[in-house]
Amino acid sequence: MRIGVINYGVGNLGSIRNAFAALGHIVHLECEPSKLMEYDKLILPGVGAFGDACDMIRKQGFDEAIREFAKNGRYILGICLGMQLLFEKSYEFGEHFGLALLKGEIVRFANAPRVPHIGWNQCLPTRFGKNHPILKGLEAHKGIYLYFVHSYHAVVDSKEVLAVCEYGDCFPAIVGYENIFGIQPHPEKSHNIGLQLLHNFLML
């Protein structure tokens with residue numbers, strides 16, 4: 001299986017590569033949009049601001065290449081900001097349009113005790129995620145703890161939400177629709193539970 005990590009200049013590439021190496025998989029950092037179709041699955045990382053990341057994706061021609069990959073039914077996993085980029089728009093420092101692979105918007109925390117949300121927090125499966133293979137091998141019904149760093153979160157149809165987290169607001173922590181998946185926390189920084197999530201994505 002060939003796993004590509006989209007390298008558009010914004011992302012925690014080293015930690016992601018190390019996490020997959022711990023699982024026994026070599027991932028390829030891909031800088032060429034024209035080569036995305038050579039991969040079986042893609043990882044879309046991201047750190048920083050939504051608008052800046054979108055601009056870099058579009059300037060490098062990754063936007064249409066990612067959409068074409070998704071139309072072919074191949075699996076994509078967005079991590080942190082990469083998850084947010086999968087949605088239609090964000091209101092971070094203005095209004096910016098995303099890849100629109102998932103329906104929904106990205107909004108700032110309204111009731112959080114402190115922003116940004118940084119640290120470990122509990123995630124609980126929804127009724128749609130309880131038996132989903134992305135959570136296989138985890139005692140998700142007891143809550144799994146993952147590491148977060150973000151100030152904005154998704155607002156999305158409940159059928160696409162596989163796990164939620166409570167931080168002032170209840171927000172989607174893991175989302176999935178057909179071949180498109182997103183994880184708001186950082187699985188590559190979440191020790192064994194994070195590695196299990198990445199393993200589960202590989203097994204889809």
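**Strands, a buried helix and a folded chain**

Biologist: Which residue in S7 is the bridge partner of Lys 89?

Modeller: Before we look, please note that this is a predicted model, where local features need pLDDT of at least 70, side-chain atom pairs count only at pLDDT 80 or more, and totals for chains, interfaces and linings use all residues. Residues are numbered from 1 along each chain as its sequence is written, and side-chain values use heavy atoms, with hydrogens and water left out. S5 (residues 89-90) and S7 (residues 105-108) run parallel and are joined by two bridges. In S7, the partner of Lys 89 is Glu 105.

Biologist: How many helices and strands does the chain have?

Modeller: Both are DSSP runs numbered from the N terminus: helices are H or I with at least four residues, and strands are E with at least two. For this chain, the secondary structure comes to five helices and 13 strands.

Biologist: Why is helix H3 described as largely enclosed by the rest of the structure?

Modeller: Let's look at burial, where buried means under 20% relative accessible area (1.4 Å probe, protein chains only). The buried residues of H3 include Phe 62, Ile 66 and Phe 69, and also Asp 63 and Arg 67. H3 (residues 62-71) is largely enclosed because its buried residues number seven of the 10.

Biologist: Which helix do the buried residues of H3 pack against?

Modeller: Their partners include strands S1 (3-6), S2 (27-30) and S3 (41-44). Strands S4 (75-79) and S13 (180-183) are also among them, and the helix is H2 (50-59).

Biologist: Which residue with a positive phi follows H3?

Modeller: Its phi is near 80°. The residue is Gly 73.

Biologist: What share of the contacts with a separation of 6 or more comes from residues 24 or more positions apart?

Modeller: A contact means heavy atoms within 4.5 Å. Buried residues make up 53% of the 204 residues in the chain. For residues 24 or more positions apart, the share of those contacts is 72%.

Biologist: What is the radius of gyration of the chain?

Modeller: This radius is taken over C-alpha atoms, and the globule rule is 2.2 Å times the number of residues to the power 0.38. The C-alpha trace spans about 40 × 40 × 30 Å along its principal axes. With 204 residues, a compact globule would have a radius near 17 Å, which agrees with the chain's 15 Å.

Methods
Pairing = 2+ DSSP bridges. Buried < 20%, exposed > 50% of the residue type's maximum accessible area, 1.4 Å probe, protein only.
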